Amino acid sequence: MSHAARIRQVGRPRLLAVDVRASFNLVARLTKYLSLTTLVPAAVALGYGEPPWPFLATAAIVGGVAVAVERVTGSADSSVGTREGFLVVSLTWLVAALVGALPYLLSSDPQLDRPLDAYFEAMSGFTTTGASVLVDVEQMSTSLRLWRQFTQWLGGIGIIVLALAVLPRLRVGGRQLLEHEMPGPEIDSLSTRIADTARRVWWLYVGLTVALVAVLLAIHAVGADDRMTPFEAIAHALTTVSTGGFGTKGTSLGDFSAASQWTIALFMLLAGMNFALLYRAFVRRQPRVLVRDEELRLYLGILSLASLVLAVLLATENIAGGEAAARHAIFQTISIMTGTGFSTVDFALWPPLAAMTLVALMFVGGSAGSTTGSVKVIRHLLLWRILRRELDQTVHPEVVAPVRLNRQVVDERTLRAVSSFILLYMGIFIVGAGLLAIDAARVGLELSVLEAVAAAATTLGNVGPGFGFAGPVGSFAPFSDFSTVVMTVLMWLGRLEVIPIVVLASRHYWRNF
Amino acid sequence: MKIFVIGAGEVGTTIVQALHGAHELTIVDQEAARIEEISARYDVATIEGNGASRRTLAAAGVAGADLLIACTARDETNIVSAMITKAVAPRTTTVVRTTNPEYLEVWHEGQLDVDFIVSSEVETAAAISQTITVPAARHTDLFAEGQVQLVEFDVNESASRSIVDVPLRDAPLPADSKVASILRGKEAILPGGDAVIRAGDRVIVIGSPHAAQSWGELMVPGSGKVRDVVIFGAGAYGTAIARRLLEQGIGVRLIEASGPRARVVADDLPEARVYHSTGTDPDFLERERIGDAQVAIFALRDDMQNHYASTLAKVHGVTFTIAIVNEAVSVEVFERAGVDVTVNPRQVTAEEIVRFAHDPRTQQVSMLEGDRFEVLDITTRTGSEYVGLTFREMPIRGALIGAIVRDGRAVFPRSDDVLRPGDRAIVFTESSRVREVERAL
């Protein structure tokens, strides 16, 4: 056979180089399991004498569709590789928010009866943002409120980590999924096997949640906080460890006692740390790893500095004094920086310098390998070192200066990725803030520069509250539908660290040439 | 002693040259030409064959050897040769030459069944760092775990007036030091109190490292501590030197022509400044103020590069240069070109290996002026004729005890101190008298 004949046998080039069918198949499989999680609020509904059917219906609809899609797309030879991983995570989050929104719509809650609002609320849940369109959360049924909290807990560690730990079928080839899933430029693997690492992280997450519930119940039991009922304890533990920030009260944590607030501040601080580091320090009892870690040191350093600034400001402006000034300053700092979004006071009323500090903290984020969103401390640290090297090389063009982190050399690809991430992140933030401002002008909504900036930063950074009407005791409801969509997209982009989603927009992702 | 030397390259030849008179040597090498050359020059047994082959070693009679020196250019051949020897003759002491610092590390951790490992890189780095700590010295060497230092100076016009042309007993010599020898032309003086140091002499001093630095200060006033060293070439030698200097708190700039190599070295040595440059670009030398460096070390791949780069560095204002000599013949060229110190890694390695061949009581030897003088580190016997004598009473027989190590600590003896049995004596002597000194002590 001639060469020409052989070449022709290959046939026409494939239209898409990505195995979309396999990706859909995997998303459907994950969604199938996700649909089962609605049984938890269903049980709560039964316990509180509320109708469980919105949750059961969600489980039935989503489960049915997922199984159907899985059947249709399933074929023996389809496989998910690195390339499909981007599509899978991106789609999974969109679908998860859909699953989250269904119970709101089906129970026709008056505050969430519009699909866009319900979808925003669910996306805010699964991305652990904590921004809400609810005007009065206390009007909601107990089971729906718990579902809100629960979506954040699920989103926190990531549905896919859960799937990896629970579904042995996904063990092979799971690493690339986890890499998008555990936020931050690197995962410090705890085990050579990805499923093992995922399982350990998962248990640490559960352990932290249980510990927080126990401490909060103890505070309630000794009479240090009458309002911290078992329901509140569980509801707040779910959104603290996930750095989500949904609350069950209109004033967030403002009505709870100082003891509860300090406890939650401590757990937010822990949740903002690298889970691999926490695992080594507390489970393997190697506390020295905490002292040596440069990212952790900077994380605590930024927190201390910002807390100090806020505390001094609160004291000098006579907003609060003594323990209250320290508590409010530290709590707000940790809450905003880790992207949790709880509040103990309405910080939207604080003076401009405090507002600026808090908006700046929205861009910091927690540590790599935590449940937090935003840029993350490690990237700031690396960017600082990259810039310092650039300056060095401006004067000394021949100098070869590797960038190090914890004494380890960071490879140039990672450094490039860090720089492009931050550029992309800031670019998206600016576009987002611009769109919100333009849209506000279009519909005649009064939106200050600070409010527009804060709304974009808080949704992209998965923080939660903004300023002005969207402040900690306010609501995102006044935004127009278009702005709601913009912010929903920002939350989605932020949670998946921008790149896996932006990659989908490039021609090179879909085509071989 | 019956000694096997595997490898008749430059290291092997230097070792043979130092040992052939006093010991029964067998040389193994694969190259017929080298074997022929060795057997033509020295009275030694030679075997043409693979030193890592059990058959060759057994046939050569390695089972009866006291010492095996494996010093081919290939690390793995050396190690295999030593391991085979250990298996055939467990009582044979094995010494292996390596160029890979990792083997040295593995050996230190006890995971390599070899008695001693000598690394050319580490020895070279040590030699250079000793020179740099006393920059005025022509040559220096450390003994007794670094407590005793030997330094060799060329006395010239810049030397302090207080010690030149003054009888030694009246000169303000640094404490804890002793002039071991004054070389004037062909003549070597073992100095008494009346001796005088003159300009043009070469003096050899034994003393504490601190005294050695004070001597450096006397010889070249103003030569303080070195803080800024530039190393050209970040190959195995350059890197080993840099590592050693950094450990001593000396600032190091490394210049490497290969990008990937520069990157690797920069990764390994966080404290060093590494430049990706040939080191022969005048703009680069000017911009980086290479001329401001107190010392420039040339460890490039070949001697011609070293030659050119060192001359160019001098043009840019570097005042003190040290060059690694890749081929023995280059020493003279470098000296003509104004290179201040030359270090021949093979020579250094051979010296280090030769010490294993000396009397078992002898811990370390150093060779000076080619092989004209040696420094021995000998533990005195109880029956020695010198034991019990004060240093004033000791007869002078072409040898001098520069320092003694008593209970692990260096003592620089005064004339009324007494030598005790079990003292480790650091002895300076002419090479021809080594056996005599060993017998006497």
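In this predicted model, helix 12 (residues 258-271) of chain A packs against helix 16 (residues 322-337) of chain A, with axes that come within 9 Å and cross at roughly 35°. The crossing of the two helices is left-handed. On the helix 12 side of chain A, the contact is made by A:A258, A:Q261, A:W262, A:I264, A:A265, A:M268 and A:L269. Sorted by class, that makes ten nonpolar residues, with two polar and two charged ones alongside.

Over in chain B, the domain assignment gives three pieces: domain 1 (2-114), domain 2 (225-349) and domain 3 (350-440). The contact involves four residues of domain 2 of chain B and five residues of domain 3 of chain B.

The size of an interface is often given as the accessible area lost when the parts come together. For domain 2 and domain 3 of chain B, the buried area is about 340 Å², and 36% of it lies on carbon and sulfur atoms. On the domain 2 side of chain B, B:Q347, B:V348 and B:T349 lose the most area to domain 3, together 94% of what that side buries. As for salt bridges between domain 2 and domain 3 of chain B, the count is zero.

Notes. Residues numbered from 1 in each chain as written. Chains lettered and ligands numbered in written order. Predicted model: local features only at pLDDT ≥ 70, side-chain atom pairs only at ≥ 80, totals over all residues. Heavy atoms only, no water. Axes fitted to C-alpha atoms, helices over the stretch in contact; angles between N-to-C directions. Helix = DSSP H or I, 4+ residues; strand = E, 2+ residues; numbered from the N terminus. Left-handed = near helix turned anticlockwise from the far one by under 90°. Contact = heavy atoms within 4.5 Å. Nonpolar A, V, L, I, M, F, W, Y, C, P; charged D, E, K, R; others polar. Domains from an automatic or database assignment. Buried area = accessible area lost by both parts, 1.4 Å probe. Salt bridge = Lys/Arg side-chain N within 4 Å of Asp/Glu carboxyl O.
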